[in-house]
Amino acid sequence: MIKRNEMMDMPVIDEAVRDFLRTSQKQLTGRLKDIQTEANEKRVPVIPHETVAFFNWFLPILQPKIIVEVGTAIGFSGALMLEASHPEAHVTTIERNPDMMIKAKQHFKELDIEDKVTLLEGQAGDLLRTIETDTVDFVFMDSAKAKYYDFFPECFRMLKVGGVLAVDDVLQGGTILEEDKDIPRRRRKIHRKLNDFLSVVLDHPALDATIIPVGDGLLMITKRKDADFDFMLPEATIEETDQKE
Ligand SMILES: C[S@@+](CC[C@H](N)C(=O)[O-])C[C@H]1O[C@@H](n2cnc3c(N)ncnc32)[C@H](O)[C@@H]1O
C-alpha cells in the first residue's frame, strides 16, 4: 500500500507562487519526466518540481560522489540525484515498503542505473547503522517525519566534514509553528519530534543550517565539524552499543 502525505496539498508559500515555481522552472525530459508525471498522477509522494529544480541547481555545484537517501519510494529522487551529481556518483537508498521497492527496482532497471544504485530493503533505523563510513558527501532524508530526530545521529556520523544533509518536509504545511494543543492527536507525535529535531539542529555550533521554503520546507545542513549527537539515539540503540564495547 502507498501512503499519501496529507501535507501534499498545504503549500507553505502562496499557492500561485508555488504553481509558478512548479511550471516555469526547467522541466525534466525523457524517462525521468514520465516517472515524475506518473507519480504526480497517482499521488505518490515524491519531491515536488520546485525541489527537483533546486536539486538540479544545487547538486551540480556540490558534485557529490557518495550519496545516501532515506526513503526511496519509487526511486524518483534517487535517480534524479544520480543524474545531477558527479558522473561517478553512487546512491545508497533505503526503503521499507515492498510495493515501493518493486517499483523502484523497475525504474532503476529502465533507467539503466542499477550498477550505480544500492537499494537497502528494510527499516532505516536498522539499516543506517550498517553504513560504516564517514565519507558521505550528501544525505537526503525523506522518510517518516517522526523519525528524523532518531535518524539524525547516524546521518551526521556518516557525513564527511563539509558534507550536506537535506531533510524534506520540515514545515508540515506551516503547522510546525502551532502549539501542541492545537495539533490533531494523530499528528502530535510528528509535531513534537520535528520540533525537537529543529531545536537541536538549527542553532548547533557544529552545523550550518537553513530552511528553504520549497515543497513542504527543505532543511539544508552542512556538517562543519564532528560532534556528539548520541543523546538523540533511541535508548535501545545506546544500550546495544554499550554492550558491544
Ligand atoms: C516521501 S516518500 C520518498 C519519496 C522519494 N524520496 C522521492 O522523492 O522520490 C517516503 C518513503 O519513505 C519510506 N519510509 C518511511 N519511513 C521509513 C523507514 N523508517 N525506513 C525505511 N523507509 C521508510 C516510505 O515507505 C516511503 O516510500
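A polar contact here is a pair of N or O atoms within 3.5 Å; within protein, one of the two must be able to donate a hydrogen and the other to accept it, and residues adjacent in sequence count only if both atoms are side-chain atoms. With that in hand, look at Gln123: one of its polar side-chain atoms lies 3.3 Å from a nitrogen atom of the ligand. The protein covers 92% of the 610 Å² of accessible area that the ligand has on its own (areas come from the Shrake-Rupley method with a 1.4 Å probe, and for residues only the protein chains shown count as cover).

Before going on, a word on the model. It is a predicted one, where local features need pLDDT of at least 70 and side-chain atom pairs count only at pLDDT 80 or more, while totals for chains, interfaces and linings use all residues. Residues are numbered from 1 along each chain as its sequence is written, and side-chain values use heavy atoms, with hydrogens and water left out.

Back to the ligand. Glu69 also has a side-chain N or O atom 3.4 Å from a nitrogen atom of the ligand, and a polar backbone atom of Ile47 sits 2.8 Å from a ligand oxygen. In total, 20 residues surround the ligand, and the closest are Ile47, Gly71, Ser77, Glu95 and Asp142 (a residue is near if one of its heavy atoms lies within 4 Å).

Now zoom out to the whole chain. You'll find 9 helices and 7 strands in it; these are DSSP runs numbered from the N terminus, helices being H or I with at least four residues and strands E with at least two. Along its principal axes, the C-alpha trace spans about 50 × 45 × 35 Å. Of the 245 residues, 49% count as buried, meaning under 20% relative accessible area, whereas exposed is over 50% and partly exposed is in between (1.4 Å probe, protein chains only).

Thr92 belongs to strand β2, residues 90-95, and counts as buried because its relative accessibility is 16%. Beyond its neighbours within four places in sequence, its contacts (heavy atoms within 4.5 Å) include Glu69, Thr118 and Ile131.

His191 is part of helix α8, residues 188-201, and it is buried too, with a relative accessible area of 4%. Its side chain reaches the backbone oxygen of Glu178 at 2.9 Å. Not counting residues up to four places away in sequence, His191 also touches others, among them Thr175, Asp180 and Ile183.
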